[in-house]
Amino acid sequence: MSKIRVDKILGSRRLSNYWWATLILFGGLGFFLVGISSYLNIEILPFTHSSKLLFIPQGIVMVFYGTIAILISIFLWLTIIWDIGSGYNEFNNDKGLITIFRLGFPGKNRILKLNYQTNEIQAVKVSIQNGLTPKREIYLKTKDNREIPLTRVGEPLMLSQVEEQATSLAQFLGVVLEGME
């Protein structure tokens with residue numbers, strides 16, 4: 001039986017992020033081009049009659065909202081390209097080492113790599129909150145009561161997946177499982 005376990009963490013390269021980045025980009029371009037059309041009094045978009053809009057106040061507001069949407073879209077596309085939040089959790093029972101690795105924004109702190117000794121771990125903790133914004137998270141709880149999150153941010157996992165992952169991890173590390181009633 002293998003004494004090394006690696007769990008991949010999906011970052012920002014999710015289908016929903018591609019969808020929203022594209023939708024916001026096209027919406028922002030539409031708003032921006034309608035505003036510019038009202039300023040230039042020409043039809044840039046052939047399926048609209050935006051040159052009939054007054055530039056002040058409607059056109060300038062359209063340019064403003066379009067610019068903001070384009071900037072938000074650029075931010076979303078950069079997080080997708082840089083794959084922010086991706087990484088892995090490695091549990092190595094041979095060396096007694098746990099490695100948490102994540103990618104962040106470019107710069108001197110782009111790579112987040114945390115190492116813990118397996119003998120520092122007291123338990124695997126599960127936190128479940130249902131409701132409008134459900135939260136289902138797995139933590140490593142250290143002997144000094146720190147809680148290290150292991151699950152990805154974003155779309156919550158199914159309850160059965162959380163239970164299965166937490167149980168198998170607790171068995172692999174030989175620690176107790178907390179939070180499962």
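In what sense do strand β5 and β8 pair, and over how many bridges? Strand β5, which covers residues 121-129, pairs with β8 in the parallel sense, over three bridges. Two strands are said to pair if DSSP finds at least two bridges between them. Helices (H or I, at least four residues) and strands (E, at least two) are DSSP runs, numbered from the N terminus.

The model is predicted: local features need pLDDT of at least 70, side-chain atom pairs count only at pLDDT 80 or more, and totals for chains, interfaces and linings use all residues. Residues are numbered from 1 along each chain as its sequence is written, and side-chain values use heavy atoms, with hydrogens and water left out.

The pairing of β5 with β8 belongs to an open sheet of four strands, whose order is β7-β6-β5-β8 and whose pairing is mixed. At the edges of this sheet stand β7 (147-149) and β8 (176-178), each of which pairs on one side only. From one strand to the next, the twist averages 30 degrees; axes are lines fitted to C-alpha atoms, for helices over the stretch in contact, and angles run from 0 to 180 degrees between N-to-C directions.

Attention now turns to another strand. Asn92 is found in strand β2, which comprises residues 87-92. The residue Asn92 is buried, because its relative accessible area is 4%; buried means under 20% relative accessible area, exposed over 50%, and partly exposed in between (1.4 Å probe, protein chains only). Leaving aside residues up to four places away in sequence, Asn92 touches Lys3, Ile4, Leu97 and Thr118, where contact means heavy atoms within 4.5 Å.

Most residues other than glycine have a negative phi, and most peptide bonds are trans. Ile56 and Pro57, however, are joined by a cis peptide bond, with omega about 5 degrees. Pro57 is found in helix α2, residues 55-82.

Asn41 has a positive phi of about 60 degrees although it is not a glycine, and its place is the loop between α1 (15-40) and α2. Asn145, likewise not a glycine, has a positive phi of about 65 degrees and lies in the loop between β6 (135-142) and β7. Asn41 is classed as exposed because its relative accessible area is 53%; Asn145 is also exposed, with a relative accessible area of 53%.
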